[in-house]
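Please examine the sequence and the structure below before reading on. The paragraphs that follow lead from the overall fold to individual residues.

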Amino acid sequence: MVDFYTNQAADNFRLARSRTFVEPADGTYNILRIPKYTFVLEVFLNLKQACSGGSPSITIGFVGNKETADPDAFLTNTEAAPGSTGLKTSKGGTAAWADGKYFDGGSGAITLTFAAGGATARFIGNVFVMYSVVH
């Protein structure tokens, strides 16, 4: 038998909230810094006001971690459902990292990408990220 124990553990679970988006302009927004050795457990999108009209798009992804940026790594536009209010979660979704992602290559950031797509009203809401830094 070979011992292969670890001393890397975490007892600190954090829930961070982004600033509130109020009918934002089109673009990609860095919303939360993620330090190296952080495990992102779940991402939530809380829409207080939905977009109306047109074909709007909201996705939540990341940059950094010595990887190519992935704008819909946690929530795809289908799951974000910008045309309806409510709390949307990444857990169990179809995005590549919907059920969690470990930032071991370097630090990074959680991003929100928005395109109004001709919407007559843009969304109001914020993003929550549940994560833990593993030391």
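Helices (H or I, at least four residues) and strands (E, at least two) are DSSP runs, numbered from the N terminus. The model is predicted, with local features requiring pLDDT of at least 70 and side-chain atom pairs counting only at pLDDT 80 or more, whereas totals for chains, interfaces and linings use all residues. Residues are numbered from 1 along each chain as its sequence is written, and side-chain values use heavy atoms, with hydrogens and water left out.

The protein has one helix and 10 strands, and from the N terminus on these elements follow the order β-β-β-β-β-β-α-β-β-β-β. Along the principal axes, the C-alpha atoms fill a box of roughly 65 × 25 × 25 Å.

Strands of a sheet pair through backbone hydrogen bonds, either parallel or antiparallel. Here, four strands form an open sheet in the order 3-9-5-6, with antiparallel pairing. Strand 3 (27–34) and strand 6 (67–75) each have a single partner strand and stand at the edges, so one side of each lacks a neighbour in the sheet. On average, neighbouring strands of this sheet are turned by 30° against each other, direction ignored; the axes are lines fitted to C-alpha atoms, for helices over the stretch in contact, and angles run from 0 to 180 degrees between N-to-C directions. Strand 5 (residues 57–64) pairs with strand 6 in the antiparallel sense over three bridges, where pairing requires that DSSP finds at least two bridges between two strands. Ile60 stands opposite Leu75 in strand 6.

Strand 4 (residues 38–49) contains Phe39, and Leu47 is also found in strand 4. Is each residue buried (under 20% relative accessible area), exposed (over 50%) or partly exposed (in between; 1.4 Å probe, protein chains only)? Leu47 counts as buried because its relative accessibility is 2%, while Phe39, at 31%, counts as partly exposed. Leu47 touches, not counting residues up to four places away in sequence, a set of residues including Ile58, Ala80, Pro82, Phe123 and Ile124; contact means heavy atoms within 4.5 Å. Leu47 and Arg122 are 75 residues apart in sequence, yet 10 Å apart in space, C-alpha to C-alpha. For the protein, 80% of the contacts with a separation of 6 or more are between residues 24 or more positions apart.
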